[in-house]
Amino acid sequence: MKKFLSCHDAGDFQSLIAQALEFKKNPLKSVHLGQGKRMGLLFLNPSMRTRLSTEIAAKNLGMDVIVFNVGQDGWAFEFEDEAIMSGTTVEHVKDAAPILGKYFDVLGIRTFPSLKNKQDDYSELYINQFIKYAGVPVVSLESATLHPLQSLADLITINENYTEKRKPKIVLTWAPHVKALPQCVANSFSQWINAWGGADFTIAHPEDYELDPQFTNGATITHNQDEALRDADFIYVKNWSTYQDYGKIYCNDPEWMLTTEKIATTRNAKVMHCLPVRRNVELSDEILDSTSSIVTQQAVNRIWAAQAVLAELLKK
Ligand code: CP
C-alpha cells in the first residue's frame with residue numbers, strides 16, 4: 001500500500017479487517033513498526049474522531065505525530081495550477097507540499113468539497129495536488145468525495161456485529177439535516193459495501209438525492225424508506241446534499257428521520273452513523289440512546305481501521 005484514498009487501495013478487505021481486530025486486542029503489538037517515522041495530520045476543516053483516532057493509531061505504531069489545523073492556523077492554500085494569486089489564497093500547494101513531504105514520512109490530509117464546483121470536487125483536486133507535490137504516502141482523512149477510513153471502520157463494525165450465515169441486509173438511508181452536507185460518507189460507504197460484496201445492499205433516499213452511480217452501482221435504490229427498512233440487519237443513517245444539481249437541499253422532509261417505530265419491521269437492526277449527528281433531526285434520541293445504536297463502537301473502531309492502514313503503509 002503506497003496511499004490510501006479509497007477502497008481500491010485497501011487490498012484484501014478481510015485481511016485488513018482481521019489486522020484491525022488484532023490491533024483492537026493488542027494495540028501495541030507493532031509498536032516498533034513506526035519508530036523513527038513522523039506523521040503529519042493536516043486538517044483543512046474541523047474534526048474530532050478522525051484527528052484523535054488517527055493520532056492514537058500512529059502513536060500505537062510508535063510514530064511521532066504532529067497535527068496541523070491548516071484551515072485555522074495555516075496560510076490559505078491555492079490548489080489551481082497557474083493561478084494568479086491576487087485574491088485570498090496565500091500559499092500554493094506546489095510550494096507547501098514538497099516541504100511537508102520533507103518534514104513527514106506519511107501525510108494524512110482532510111480536505112473538503114466546495115459543494116459549488118462538482119467537477120473540481122469530483123476530480124479530487126485538493127488531495128491529488130498534495131499527492132502530486134508531496135512525494136510521500138498520503139492517507140485520506142476524508143476528501144471531497146470519499147471517507148475511506150470511516151468506511152473501513154464501518155465494515156469492521158458490521159463484521160463484529162454479525163454472526164449469521166446468510167448475507168446481512170444493509171440499508172443506507174438519507175436523513176434530513178439543516179445544512180448542505182457532502183456526499184463523501186454515503187459515496188464511500190456505498191463503494192466499500194459494493195466492493196466487499198458480502199451484503200444485500202439497499203440505498204433509500206427522497207427523489208433528487210441520487211448519488212454518483214460510480215459508487216452506488218450494484219445496490220438496490222429506492223425512494224421508499226419503509227420498504228427499504230423491512231428485514232434490515234444494519235441501517236446506516238446519513239444526510240447528503242444533491243449530487244445532480246450539485247450541493248443543494250431540495251426535500252428536507254422530517255418524515256425521513258429514523259425513529260424506533262420505523263425500525264420495528266427490521267431484524268433488530270443495528271443503527272449506524274459516522275457522527276457528528278444532529279439529534280432529533282437525523283436520528284431520534286430514543287434510537288441513539290438504545291441498544292440498537294452502535295455509533296460509539298463505530299467511532300472507536302476508527303482507531304483500529306487507521307492503525308491497520310498505517311501498518312500496511314509502514315511495511316512498504
Ligand atoms: N466521522 C468523522 O469523520 O468525524 P470527525 O468529523 O469528527 O472526524
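Strand 1 and strand 5 run parallel, joined by five bridges. Strands here are DSSP runs of E, at least two residues, and helices are runs of H or I, at least four residues, both numbered from the N terminus.

A word on provenance. This is a predicted model, where local features need pLDDT of at least 70, side-chain atom pairs count only at pLDDT 80 or more, and totals for chains, interfaces and linings use all residues. Numbering starts from 1 along each chain as its sequence is written, and side-chain values use heavy atoms, with hydrogens and water left out.

Now the rest of the sheet. Strand 5, residues 106-110, also pairs with strand 6, parallel again, over three bridges. Pairing requires that DSSP finds at least two bridges between two strands. Here leucine 107 has valine 138 of strand 6 as its bridge partner.

Put together, four strands make an open sheet, parallel, in the order 2-1-5-6. What stands at the edges? Strand 2 (64-68) and strand 6 (138-140) do, each with a single partner strand, so one side of each has no neighbour in the sheet. From one strand to the next, the twist averages 20°. Angles run from 0 to 180 degrees between N-to-C directions, with axes fitted to C-alpha atoms, for helices over the stretch in contact.

Helix 2, residues 49-60, packs on this sheet. It touches strand 1 (38-43), strand 2 and strand 5, contact being heavy atoms within 4.5 Å. The direction of helix 2 makes about 175° with that of strand 1.

Back to strand 5. Is it enclosed or open? Five of its five residues are buried, so strand 5 is largely enclosed by the rest of the structure. Buried means under 20% relative accessible area, exposed over 50%, partly exposed in between, with a 1.4 Å probe and protein chains only. Val106, Gly108 and Arg110 lie on one side, Leu107 and Ile109 on the other, all buried. In a regular strand, side chains alternate between the two faces of the sheet.

Finally, the whole protein. It has 12 helices and 11 strands. The radius of gyration is 19 Å, close to the 20 Å of the globule rule for 316 residues, so the protein is as compact as a globular protein of that length. That radius is taken over C-alpha atoms, and the rule is 2.2 Å times the number of residues to the power 0.38. Of the 316 residues, 56% count as buried.
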